[in-house]
Amino acid sequence: MKHNWNVTLLIVVMFFVAQLIGLYITNEYVGEELPLGIERPELDPETSYVPVFLIILVATALAFVIAFFKAVRLWKFWFFLSVFFVLGIALGAFFNEYIAFGISLIVAFYKIIRPNVWIHNISELFLYGGLGAMFVPLFNIWSVSILLILIMGYDAIAVWKTKHMVKLAKFQSKMKFFTGFLIPYGKNRVAILGGGDIGFTLLFSGVVFVKYGLISLIVPLIASLGLLGLLVYGDKNKFYPAMPFIGVSCFIGYGIVYLLA
């Protein structure tokens with residue numbers, strides 16, 4: 001077991017809550033424009049997985065270069081801008097757009113100047129809804145499925161083979177600017193769940209949700225059980241790529257939705 005039961009259940013619950021919040025935010029933006037005139041990329045839903053996956057590879061490479069050279073200021077700037085824009089879009093589902101971006105500015109600034117585990121994790125619950133609002137309309141079931149398969153394969157290679165994702169996660173933890181959930185406990189122990197694991201699950205769930213409605217909540221539920229299985233049966237001294245396990249669970253969840261819809 002990777003962590004104790006309290007921490008394990010907390011991670012899984014936070015993951016599931018992030019999915020629910022993200023789906024609500026995504027649904028609020030279906031057929032609507034993003035706040036402050038922010039525009040979504042114009043992509044063909046049939047092939048959108050190609051440019052999106054390439055962007056992910058480039059972004060990961062840039063992050064790794066920043067980590068390799070320990071360019072802390074550049075990392076802070078990138079982290080700040082990402083939180084500001086994405087959280088602003090997410091909060092736009094609840095507040096006036098100017099209030100939403102005002103709050104996101106304060107949160108982003110606070111996360112840089114005075115990193116706090118509570119502020120960090122609470123904001124992470126909402127962040128991925130902003131990504132869902134931006135990217136879910138760019139996909140259909142076919143293209144998001146292909147993207148999920150590509151991400152599952154890439155995650156496995158990046159953790160088990162090249163191990164560069166492990167190095168990147170350690171760098172983020174040391175800098176205290178981490179994309180994903182971070183729960184410190186015990187004597188210098190920390191439980192982490194990467195932002196990609198949350199975000200790509202939400203992207204898949206969001207596309208299914210747009211097509212099938214509330215019954216699609218089965219997808220994040222089954223995905224959460226897949227994450228639970230990984231945390232329960234995983235070795236605490238090893239790093240695991242979460243997406244192969246969560247991704248398979250997403251497809252199982254979609255299969256159930258497809259049969260019941």
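**From a loop into the packing**

A: N188 counts as exposed because its relative accessible area is 85%, over the 50% cut-off. Bear in mind that this is a predicted model. N188 sits in the loop between β1 (180-185) and β2 (189-194), and its phi is near 60°, a positive value in a residue that isn't glycine. That deserves a second glance, because most residues other than glycine have a negative phi.

L36 shows a positive phi too, near 60°, and it isn't a glycine either. You'll find L36 in the loop between α1 (5-28) and α2. Its relative accessible area is 42%, so L36 is classed as partly exposed.

Helix α2 (residues 49-68) and helix α6 (residues 141-161) have axes that come within 9 Å and cross at roughly 30°. Because that angle is under 35 degrees, α2 is roughly parallel to α6. The crossing of α2 past α6 is right-handed. On the α2 side, the residues that meet α6 are Y49, V52, F53, I56, L57 and T60. Across from them, α6 brings in W142, S143, I146, L147, L150, I151 and Y154. By class, the α2 and α6 contact holds eleven nonpolar residues, two polar ones and no charged ones.

L147 turns up again in the largest nonpolar core. That core has 79 residues, and the members touching the most other members are I11, F139, L147, L193, F204 and L227. Take L227: setting aside residues up to four places away in sequence, L227 touches I11, V12, F15, L193 and I246.

The axes of α8 and helix α9 (residues 218-233) come within 9 Å, with a crossing angle of roughly 155°. Since 155° is over 145 degrees, α8 runs roughly antiparallel to α9. From α8, the contact uses T201, F204, S205 and V208, while α9 supplies V219, P220 and A223.

For a sense of distance, S205 and F251 are 46 residues apart in sequence, with their C-alpha atoms 9.9 Å apart in space.

One last stop is V83, in helix α3 (residues 72-91). With a relative accessibility of 4%, V83 falls under the 20% cut-off and so counts as buried. Beyond its neighbours within four places in sequence, V83 contacts G88, A108, K111 and L127. As for spacing, V83 and L62 are 21 residues apart along the chain, and 17 Å separates their C-alpha atoms.

Key. Residues are numbered from 1 along each chain as its sequence is written. This is a predicted model: local features need pLDDT of at least 70, side-chain atom pairs count only at pLDDT 80 or more; totals for chains, interfaces and linings use all residues. Side-chain values use heavy atoms; hydrogens and water are left out. Axes are lines fitted to C-alpha atoms, for helices over the stretch in contact, and angles run from 0 to 180 degrees between N-to-C directions. Helices (H or I, at least four residues) and strands (E, at least two) are DSSP runs, numbered from the N terminus. Angles under 35 degrees count as roughly parallel, over 145 as roughly antiparallel, 65 to 115 as roughly perpendicular and the rest as oblique. A crossing is left-handed if the near helix is turned anticlockwise from the far one by less than a right angle, and right-handed if clockwise. Contact means heavy atoms within 4.5 Å. Ala, Val, Leu, Ile, Met, Phe, Trp, Tyr, Cys and Pro count as nonpolar, Asp, Glu, Lys and Arg as charged, and the others, Gly among them, as polar. A nonpolar core is a set of buried Ala, Val, Leu, Ile, Met, Phe, Trp, Tyr and Cys residues joined through side-chain atoms within 4.5 Å. Buried means under 20% relative accessible area, exposed over 50%, partly exposed in between (1.4 Å probe, protein chains only).
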